[in-house]
Amino acid sequence: LEDINLFASDVALQEAMTREGAGHASKRLAGFGLMAGSADAAELGRLANEQFPRLMTHDRNGNRISRVDVHPAYHDLMGMSVAEGLQASAWMQAATPGVSARQGVYVERAGCLYMAAQADAGHLRSISMTHSAVPALSHHAQITAKWVPKITSRSYDRRLDTVAGKTSLTLGFAFAGQLGANTEAVTTQARPLSDEGDGKLYALSGVVPSVAAPLSDGLLVLAHTAGAASTGPSCFLVPRRLPSDQANTLFIRRLIRRVGLRSCVCADIELDAAQAWLLGEEGQGLEVVSESILHARLDTVIVSAGLMRQCLIQAVHVAEHRMEGGAPSISQPIVHQTLADMALDAEVAGALGFRLARAFDRSSDARAAAWRHLMTPVSVYWVSRRAPMFAAEAIDVLGREGCSQDWPLARLYCDCPVAAMADGTANMMVHGVMRILQREPGIAETVMEELGQAAGDDAHLRAAHVRIEAMLHDPRHLDARGRLLVEALAVLAAGTILRTHGPSAVADAFIKSRMGNQPLQSYGQGLEWADTAMIVRRASPNHA
């Protein structure tokens, strides 16, 4: 399955772009879909993941360095995504004086990100963190003025150089394991150096584990300062190259061999009095990065949805072309029903992600802001639980070929769990929802009101809404029911989207099978009454 247009062959994606406000971008999306679905892009994805990056800790004279060699295909993929503007498209209007904001920019970018993930999800960690870091930079006007114009450049520059000497910049997060409420995970220490130049300069020392894309031009790092030890960590921007053209004292201690997203370098890093600029105020680091985390989690939903879509079309394509007993495998009722069941979850993953992107586009509206705040962790939780199981089911459809490293599903199977928890585990998402319910109950009330209106007169949706309301009004058991509540919110939201905008066959099948009285433990059950032929035909890359 190669050389297909990932946009033109995906009916659900086309419909989502139109309903969520990016229908005007269909031509651009079709062009990028052709590129991301090409055999060349698939080969780049394969090559970038075929070998682990290689670390050199010292040069030939014994001097400490942090050189990492990656396959050139990784840089080719980065060039493709940067040229499309995926690392900064939401900020490009702000960086260009006199250019008005474009409608649906988040949804349009989400559509491209969804397709780029199907070529390779690993390089998108750097793309996503660069895009998501911009709100944190906005807490420092001088840094914003120097960095954002080069972040928004569409010319990928892989060289190690100063900010002034580069044509484009990438950013990374060095706090992925510190996103929970427990700030004791932050062990890095910061001491002030001066207030001259671009702002408050500090020296950071400590070890930060499991940093994705540590070779970025700058890293956002959380660290404790002596004056704010009791209030929380502060946020800093650590450049790899100092304005004096000297290398900053940021070193890679070891590379981490992750099971998935192998094209993206992941490492433990050491800061040895590395120079860094303070973003925001001391002790306010979690507040500074909160918006960046929210943006990164939106990308987690979109990338995971893209991986699920690619798993699905690989399985459907093989089932349509593999002959068993003189007929295509897909003609067997159990295979057909399994693929139809999977197609429902794949469409829902995209629907939740693109609906969330619309909320980011309209965040100045109170109702959209409430949706964005609550439904971001809800959506991340749902895809983090479904994507790995989904990939395993796709491999089962292929059988022995699916377990072979020569077939793309083996890589997708490894990528799904890693991508889904890139910006926080499932339990962290549940804890995040619980904090919102406790501290900002008005947000949940706004979202529940919108879901109640969207449920209309559908009996299953109404019953689900009533069950969730009952859980919300029983705070004694809310923490113990956290996962149940979050999953119920995700399924209800997905059901309302499909009922309002999707084909009746898809909406009926999803709502009745996911909200009915018969609990289902695996795919391929309970759809004998549904129009599975229509559902599979809609999902197939060959019949859209």
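Me: Before we start, what makes a helix crossing left-handed?
Reply: Happy to begin there. Look at the near helix and compare it with the far one. If the near helix is turned anticlockwise from the far one by less than a right angle, the crossing is left-handed.

Me: Which hand does the crossing of H9 and H10 have?
Reply: Keep in mind that this is a predicted model. Helix H9 covers residues 285-321, and its axis runs 9 Å from that of H10. The crossing of these two helices, H9 and H10, is left-handed.

Me: Are H9 and H10 roughly parallel or roughly antiparallel?
Reply: The two helices pack at an angle of about 155°. Angles over 145 degrees count as roughly antiparallel. So H9 and H10 are roughly antiparallel.

Me: Which residue of helix H10 pairs with Glu450 of helix H14?
Reply: Glu450 sits in helix H14 (residues 441-455), and its partner lies in helix H10 (residues 333-361), 95 residues apart. The closest N and O atoms of this salt bridge are 2.7 Å apart. The partner is Arg355.

Me: Does Glu450 count as buried or exposed?
Reply: The cut-off for buried is under 20% relative accessible area. Glu450 has 18% relative accessibility, so Glu450 counts as buried.

Me: How many residues apart are Arg28 and Glu108?
Reply: Their side chains meet in a salt bridge at 2.5 Å, N to O. Arg28 belongs to helix H2 (residues 26-36) and Glu108 to helix H6 (residues 105-119), so to speak distant parts of the chain, and the separation is 80 residues.

Me: Which strands does the salt bridge of Asp69 and Arg54 tie together?
Reply: The side chains of Asp69 and Arg54 come to 3.0 Å, N to O. Asp69, at 23% relative accessibility, counts as partly exposed. Asp69 lies in residues 64-69 and Arg54 in residues 54-58, so the strands are S2 and S1.

Me: Which side chain of opposite charge is nearest to Arg258?
Reply: Arg258 is found in the loop between strand S8 (250-255) and strand S9 (266-279). Leaving out residues up to four places away in sequence, Arg258 touches Phe52, Cys264, Cys266 and Val418. Arg258 is buried yet has no salt bridge, and the nearest side chain of opposite charge, 8.0 Å away, is Asp415.

Me: How many salt bridges does the structure hold?
Reply: Side chains of opposite charge can pair when their charged atoms come close. Some salt bridges form a network, which links Asp341, Asp345, Arg386 and Arg514. For the structure, the number of salt bridges is 31.

Notes: Residues numbered from 1 in each chain as written. Predicted model: local features only at pLDDT ≥ 70, side-chain atom pairs only at ≥ 80, totals over all residues. Heavy atoms only, no water. Salt bridge = Lys/Arg side-chain N within 4 Å of Asp/Glu carboxyl O. Helix = DSSP H or I, 4+ residues; strand = E, 2+ residues; numbered from the N terminus. Buried < 20%, exposed > 50% of the residue type's maximum accessible area, 1.4 Å probe, protein only. Lys, Arg positive; Asp, Glu negative; His and termini not counted. Contact = heavy atoms within 4.5 Å. Axes fitted to C-alpha atoms, helices over the stretch in contact; angles between N-to-C directions. Parallel < 35°, antiparallel > 145°, perpendicular 65-115°, else oblique.
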